[in-house]
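Before reading the points below, please look over the sequence and the fold together.

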Amino acid sequence: METETLLKIRSEFPSLENKIILSSCSQSAISLDVLDAMEEYKNSLLEDGMSWETWMVKVNNAKEKFSRIINCNPDEIAILSSVSDSISSILHSLDLNNQEVCVTEMDFPCIGHAVLAQQKKQNFKVTFIPAENNVIPIDHYEKYIHENTGLTCVSHVSYYNGFKQNIKEIAKIAHRNDSLLFVDAYQSAGGVNIDVKEMDIDILVAGMQKYLLGVPGISFMYIKKEIAEKLSPTTIGWFGQKEPFAFDLKNLDYANSAQRFNTGTPPVINGYIADAALSFIERIGMETIERHLSKLSYHTIENALQMGFKLASPRDINQKGASTAIYVENANKVEGLLKEAGYVVSARKDVIRIAPHIYNTEDDILNCLKQLEKLI
Ligand SMILES: Cc1ncc(COP(=O)(O)O)c(C=O)c1O
């Protein structure tokens, strides 16, 4: 990307004036547009008092933008508040009795928790597909998914080390065995290109807080139309009805497509914020973002290795998203020390994750690595 374009982008993120933010795997920097969106919602409350029409337009605009980013129809998206809510809602809607559910060892813990909780209600076997050297070889899917597997859950990009999976290949294996494929894309959406049709994903979930440049409190759940319409969710609400504003207490009339998975009043302020953040992503374009992040990923790996750091991430950038995980003793403490020195990164277990976005430069990363070297 040209320096002038990068400087212009940086000027849209005020917190970068006095900090280097490399924490997109946890919370990205917030843009002026997002701050304006917060203000706009505040003003709608102060000036209009109540403004349902405007609020719903904002939430729907956000949904439409997300659907364009992952290449599906807006009707195929339900709005919930977190990835945890979304996986729980899906599990409640499926009959998994006498089947098997596969979860990978690299999934975010909320996936395992939701599956194990559902196992208390339904009689199914849970298989954790093992990782090997911090990645999951594709042949593990061949080995562990079989014809009795009803649901396979995978992360597109791992929260721990940024390992990126070949979803298209996993989908082929899952579908050959008649298993549904649930993809947690919280660590990829906004950083890595996603095309749910081309990848043949059945269900995909992502929140806004990480590479989508928003805040927590909203998640988008894609469900392939023909699958959604066969399901009867039991975690529901009036916004999952065909006519929510008919206020019909005595009839359950599921909305079409994924809309039936909507629950109560959507998180309106998050709708404003998501709309603004997704407009930014669309304005820059996923291709530009992915290209920039791949370059930064390569730069991080090269420099970290030269400086003698040990990586928990794959070294091949084709096998990873934007985040690079470096083994560090007392990672949580080091995260705090880096923050005091003006570098915002995120620790998990035994690693520090360096997770840049479109507003970061190679110098941001090099300076952060030098500071890390000084500290340890
Ligand atoms: C890959 C992944 N999935 C799920 C979550 C948790 O999402 P939520 O808090 O929306 O349930 C995280 C949070 O860091 C994550 O990185």
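1. A crossing is called left-handed if the near helix is turned anticlockwise from the far one by less than a right angle, and right-handed if clockwise. In this predicted model, the crossing of helix α3 with helix α10 is left-handed.

2. Helix α3, covering residues 52-70, packs against helix α10, covering residues 268-284, at an angle of about 40°, and their axes lie 8 Å apart. The two helices are therefore oblique to each other. Residues that make the contact include W55, M56, V59 and F66 on the α3 side, and Y272, L278 and I281 on the α10 side. Sorted by class, this contact has eleven nonpolar, four polar and five charged residues.

3. Helix α3 also takes part in the largest pocket, giving the most to its lining with four residues, and strand β2 (77-80) likewise supplies at least two. The space in this pocket comes to about 430 Å³. Of the 22 residues that line the largest pocket, N60, K63, F239, Q259 and N262 lie nearest its centre. Its lining has ten nonpolar, eight polar and four charged residues.

4. The second largest pocket has a volume of about 250 Å³, and 18 residues line it, with E105, M106, D107, Y159 and K349 nearest its centre. Two or more residues of this lining come from each of β3 (100-104) and α5 (109-119), with α5 providing the largest share, three residues. By class, the lining of the second largest pocket comprises eight nonpolar, six polar and four charged residues.

Definitions and conventions
Residues are numbered from 1 along each chain as its sequence is written. This is a predicted model: local features need pLDDT of at least 70, side-chain atom pairs count only at pLDDT 80 or more; totals for chains, interfaces and linings use all residues. Side-chain values use heavy atoms; hydrogens and water are left out. Axes are lines fitted to C-alpha atoms, for helices over the stretch in contact, and angles run from 0 to 180 degrees between N-to-C directions. Angles under 35 degrees count as roughly parallel, over 145 as roughly antiparallel, 65 to 115 as roughly perpendicular and the rest as oblique. Contact means heavy atoms within 4.5 Å. Ala, Val, Leu, Ile, Met, Phe, Trp, Tyr, Cys and Pro count as nonpolar, Asp, Glu, Lys and Arg as charged, and the others, Gly among them, as polar. On a 1 Å grid over the protein atoms alone, a cavity is a set of points where a 1.4 Å probe fits but cannot get out, and a pocket is an open set with protein on both sides within 12 Å along at least five of seven lines; lining residues have an atom within 4 Å of a point. Grid points are joined across faces, edges and corners, and a volume is the space filled by probe spheres set on the points.
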